[in-house]
Amino acid sequence: MNPNSKDPSPTTQTGPDLAPEVAPELAPEVGSGEPAPARRVMRPSPKPPLPPQTRKGAGNRVAHAAFEAAAAGVGLAPERARQRMVASLRASGIRDEGVLEAMQQVPRHLFVEDALASRAYEDVALPIGHGQTISKPSTVARMIEIIAATIPREARSRAQVLEVGTGCGYQAAVLAEVFGEVVSIERVRGLAEDARARLRPLRLGNLRLVFGDGRLGAPSAAPFDGILLAAAGAEIPEELLLQMKVPSRLLAPIDSGGRQSLHLVERVGNETWHLTVLDAVRFVPLRAGTT
Ligand code: SAH
């Protein structure tokens, strides 16, 4: 079944475009940081089949000396600033230790302009040029935590994840610390090039950056254990729904008349996707084509 087609009698199938089952208790105020325990809509099912040979990727430890040296100008030593950031993520409800460790590892101050480096560990979105922004740390942590929630720690180094909207590359780096293989796509050439240059010293061998229209996904690397969109469209591109493993999760901010909410899609069968609407959010727009 085409996941975007309206099935007149969806007794056993739930297309992600069908009327969302909004769970009000899963819609905390923006920024409250309360983890929204995703509604259990997946039937107990075996773990995704393991690829025969996988690259060992998760557990990268980025090259500290290089980036810490570059950190002059950040008031607090960056490592300490990150510890404080992680402590506040924890206090705001992020529980996944793998995600918290990754947030501790990745030097966010290297992903923003020098003039903004001193604010890099505040929980704010910051401009990265081309009218785009780097997402707030709490948003990055929460989105990755939701994607990771159904992938046990020991399986993460084999998990393949797609990010749409590389931006400056920060979230891509965090993803590469958590998961085995990450593909990240950016449609603005200047941003894609800057992200490549920024990420190079971190030597994340399991992160592949692609310049292109992320609405088409990455067919050569699909299917994915998780897909995250960092930009809000009116609907979830069908190609992305089809590039999800069974089972797997996709998170996308969806814009409906100027109001955005985070949509969690779980593919539970070849032709069955379940949708849960989570928090109100604010992301830049998902646009077609490249520039
Ligand atoms: N992941 C980033 C957030 C980037 S902002 C972080 O670490 O903070 C969202 C990005 O999505 C922007 O850079 C924007 O150019 C990009 N984007 C928008 N539409 C896109 C599309 N169709 N394909 C790929 N990237 C897209």
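Colleague: Why is Arg 153 called partly exposed?

Modeller: Its relative accessible area is 45%. Buried means under 20%, exposed over 50%, and partly exposed in between (1.4 Å probe, protein chains only). At 45%, Arg 153 is therefore partly exposed. A word on the background: this is a predicted model, where local features need pLDDT of at least 70 and side-chain atom pairs count only at pLDDT 80 or more, while totals for chains, interfaces and linings use all residues. Residues are numbered from 1 along each chain as its sequence is written, and side-chain values use heavy atoms, leaving out hydrogens and water.

Colleague: What makes Glu 101 and Arg 153 a salt bridge?

Modeller: The N to O distance between their side chains is 3.1 Å, and a salt bridge needs a side-chain nitrogen of Lys or Arg within 4 Å of a carboxyl oxygen of Asp or Glu. Glu 101 lies in helix α3 and Arg 153 in the loop between α4 and β4, so this pair ties together parts 52 residues apart in sequence. Glu 101, at 35% relative accessibility, counts as partly exposed. The whole structure holds 8 salt bridges.

Colleague: Why is Arg 142 called buried?

Modeller: Its relative accessibility is 7%, which is why Arg 142 counts as buried. Asp 279, at 8%, counts as buried too. The side chains of Arg 142 and Asp 279 meet in a salt bridge, at 2.4 Å from N to O. Arg 142 sits in helix α4 and Asp 279 in strand β10 (residues 272-280), so the bridge ties together parts 137 residues apart in sequence.

Colleague: Which parts of the chain does the salt bridge of Asp 96 and Arg 156 tie together?

Modeller: Their side chains meet at 2.8 Å, N to O. Asp 96 is in the loop between α2 (78-91) and α3 (97-105), and Arg 156 in the loop between α4 (137-148) and β4 (160-164), so parts 60 residues apart in sequence are tied together. Both Asp 96 and Arg 156 are buried.

Colleague: Why is the pair of Phe 111 and Tyr 170 called edge-to-face?

Modeller: Rings of Phe, Tyr and Trp (its six-membered ring) pair if their centres lie within 6.5 Å; planes under 30 degrees apart count as stacked, over 60 as edge-to-face and the rest as tilted. Here the centres are 5.7 Å apart and the planes stand at 70°, so the pair is edge-to-face. Phe 111 is in the loop between α3 and β2 (126-129) and Tyr 170 in helix α5 (residues 170-178), 59 residues apart. Phe 111 and Tyr 170 are buried.

Colleague: How do you know that the charged end of Arg 108 sits over the ring of Tyr 170?

Modeller: The charged end is 5.6 Å from the ring centre. The rule asks for NZ of Lys or CZ of Arg within 6 Å of the ring centre and within 35 degrees of the ring normal.

Colleague: What makes Ser 248 count as buried?

Modeller: Its relative accessibility is 3%, so Ser 248 counts as buried. Ser 248 belongs to strand β8 (residues 244-256). Beyond residues up to four places away in sequence, Ser 248 touches Phe 224, Asp 225, Val 265, Glu 266 and Arg 267, where contact means heavy atoms within 4.5 Å. The side chain of Ser 248 also reaches the backbone oxygen of Lys 245 at 2.7 Å.

Colleague: How many of the protein's 291 residues count as buried?

Modeller: The share is 54%.

How values were computed
Helices (H or I, at least four residues) and strands (E, at least two) are DSSP runs, numbered from the N terminus. A polar contact is a pair of N or O atoms within 3.5 Å; within protein, one must be able to donate a hydrogen and the other to accept it, and residues adjacent in sequence count only if both atoms are side-chain atoms.
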